[in-house]
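Dear colleague,

I am handing over the structure below, together with some notes on what was found in it. Please read them alongside the coordinates when you have a moment.

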Amino acid sequence: REAGRRTYIPVMSGENKLSWQVKDLIPNCEYYFRVKAVNKIGGGEYLELRNPIIAEDPKQPPDPPIDLEVHNPTSKSVTLTWKPPLFDGGSKIMGYIIEKLEKGKERWQRCNDYLVPLLTYTVKGLEEGKEYQFRVRAENAAGISEPSRITPFVKAVDPIEAPKVFLAANLQSGLEVKRGDEIILEAHISGSPYPSITWLRNNEVVRPEEIKKRVTTYTRKKKESVLSIRDSIRDDHGTFTIKVENDHGVAKASCEVNVLDTPGPPVNFVFEDVRKNSVICKWEPPLDDGGSEILNYVLEKKDNTKAEMGWVTVSSTLRHCKFHVMKLIEGKEYLFRVFAENRVGLGPPCVSKPMTAKDPFSPPDPPNKPDVQDVTSNSMLVKWNEPKDNGSPIIGYWIEKREINSTHWARVNRNLVNALEIKVEGLLEGLTYIFRVCAENAAGPGKFSPPSDPKTAQDPIIVPGPPSCPEIKDKTKSSVALTWKPPQKDGGSPIKGYIVEMQDEGSTDWKKVNEGDKLFPTCECVIPNLKELRKYRFRVKAVNAAGESEPSPATSEIPVQDILEEPEIFLDVGAQDLLSCRAGTTIKIPAVIKGRPVPKTFWEFEGKAKTAAKVEATDTSSVIIIPECNRSHSGRYSITAKNKAGQKTVHVRVNVLDVPGPPKDLKVSDITRGSCKLSWKMPDDDGGDRIRGYVIEKRNIDGKAWTKVNANCGSTSFVVPDLISGQEYFFRVRAENRFGVGPPAETIQRTTARDPIHPPDPPIKLKIGLVTKNTVSLTWKPPKNDGGAPVTHYIVE
């Protein structure tokens, strides 16, 4: 139980042990405990503690500190660091005791009067030149630990260290301030002995008296040097360097200081390309950009002829040192000024000299009188010579037109023409026009030229170009058929017709086939009455209102004779390779016939003449027609074409589709009183299509109607069910394809629905009865199976 309570709580019960560890106690709480023994009769008296027990861990002195190290020894002191003990002894570490041992002595001396709460301590009061060892002890409420590991001997002497200097972190990439702000440069210095310090600006020593006492240098914490410049100005920018030096060396550190200010004025303001209403202003950047990139320039202008007029901003966002100022008033005198601007602000301006807005040249002279050429019904080509430009290059020309009976000049071109000619289109046929031209330079357009001579818009008529070389379209033993293409140019007048000329073999003279009053109206003709096997050349002339054209290129020598071409047969696309049709329809197989001379054609069926078919033939085609076809018309049809040049035969297979024929070998087997089995073979003729199944039907011998047993049987046998015992039947089977059901195969003999009869089994249990001298009495029982029919009698042997 807790000391403040009266009730005990069971901790252990029923265990045969003489000790027990009690868990889950509250730290620093007081407890009473009691225990009693129990046997089968019952429990004895309790043994109880007289004094309470406090629940707390046991305390002992801590372990010694670890990792003792020596740092920064000097002639008077040394700094020690260590780590706490691995085990604090169950009580908080209150502090540490530092001890030292001088070399040559045996007694350790305590260095600190009070416990050191931290893990570092600087031991002072050492004698220069002597050597020491050090150790540390930890102390808690239970006592003082064993000492830590002892350090090696450390000599009390100042270290020899070359000087070092580092600028503050914010100065590593330079310092930038605005004009009037304070410049503060901080440097961290080390070295033994402590070095001397010198600040320099642009490699010259900084002297506060020379900068009107705005500069201050001072040392802070013995290891930091600070340079301060109040009320900074633009001239304070530059490279600042701190130089530190002792007997063991020299060290430097530099920082670029930029003092931001407005830029200086731009320089070298000049004018270029002065015109009556514009000018190009140019200048150069300021000599001093104020320590910041020039962001833009502000250009202003002022009317210098009026004193009361102020400055007007031309542009305040100029990125470059050049600007084309527009909309000036001709003859006025102007002043310009430009400011440079950086992120601090605008600097002072650079003011130009006065400038008068006027052109240094005048418009060009008028061109000479234009010349008009290449006249058509809707266009004319106008040409002229280049005039004097009067000091400025000509940038183009303006062209105007006028009808001869009008007083209004109309501009021809929307944009300046850079050439010395222009094709004027869109003219009205039959009207007479004149033209004039003016040139334009930078000063503007000049005066117009004198008008051109009048010209009427109409096409010129000339003889047409030659037709193409004639080609042989056809020929016989007494004629030649020619064809050609019309000329590319008709000469401005429609082609009336053509004249054909021919040259006989061995002659150089060309003879006209037709005269000018009998022109061939189209690009083809037939030349008759030629001599067989003679050779001729031909050429063609086109004729329009202006006359005959030059002759076309002549053909090569052409022999006059019949053209022999082997026969060719082209079947209709639907009849190639295989032609399928339904029975009862009409078969038509059309063929196109080619060949010179006209071939003779005939048809055959399976190698024999088809007499039942009808053939319709012309010189270029042949069609075989079979009306109301049936399955007997299926087979291979052939057409043959013959002429002097050869022979050609083409085949096509015809498949007449119909219902299938009757099945074969219909048989009845496995007859019982309620069923029988039908079997048959596939028909000899499937109707030209796959047989899908069979239709089975039955008929009572006394009836006339057939009854379907199964609408579609997929095999060649079928068991007919549901027969009436003793009834007589006929059966028939028909094959079916996608075109329908074919004729039936029927059974000839009737079929009686009854079980099959076979001899009975032998009688059983034969016994001998009364026996006399000449008789014997026999008894038996009937056979177990009567063979499908009643036993009619018995035979005794």
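Which residues form a nonpolar patch on the surface? In this predicted model, the patch is made up of Leu-766, Ile-768, Val-771, Val-776, Leu-778, Trp-780, Val-791, Tyr-794 and Val-796, and together these residues have about 830 Å² of accessible area. Two elements, β62 (764–771) and β63, each give two or more residues to this nonpolar patch. Val-791, by contrast, lies in the segment after β63, and with a relative accessible area of 35% it is partly exposed; a patch residue needs over 30%, so Val-791 passes that cut-off.

There is also a positive surface patch, which is formed by Lys-765, Lys-767, Lys-781 and Lys-784. Of these, Lys-781 is located in strand β63, which covers residues 776–781, and Lys-781 is partly exposed, its relative accessible area being 44%.

As for the annotation, the unreviewed UniProt entry records "domain: Fibronectin type-III" over residues 1–58, 64–159, 265–360, 366–459, 466–566, 662–755 and 762–797.

Terms used: Residues numbered from 1 in each chain as written. Predicted model: local features only at pLDDT ≥ 70, side-chain atom pairs only at ≥ 80, totals over all residues. Heavy atoms only, no water. Patch = residues over 30% accessible without salt bridge, like charges linked within 9 Å, V, L, I, M, F, W, Y side chains within 5 Å. Areas by Shrake-Rupley, 256 points an atom, 1.4 Å probe, with all protein chains shown as cover. Salt bridge = Lys/Arg side-chain N within 4 Å of Asp/Glu carboxyl O. Lys, Arg positive; Asp, Glu negative; His and termini not counted. Charge placed at Lys NZ, Arg CZ, Asp CG, Glu CD. Helix = DSSP H or I, 4+ residues; strand = E, 2+ residues; numbered from the N terminus. Buried < 20%, exposed > 50% of the residue type's maximum accessible area, 1.4 Å probe, protein only. UniProt positions renumbered as here; feature names shortened; annotations may be inferred.
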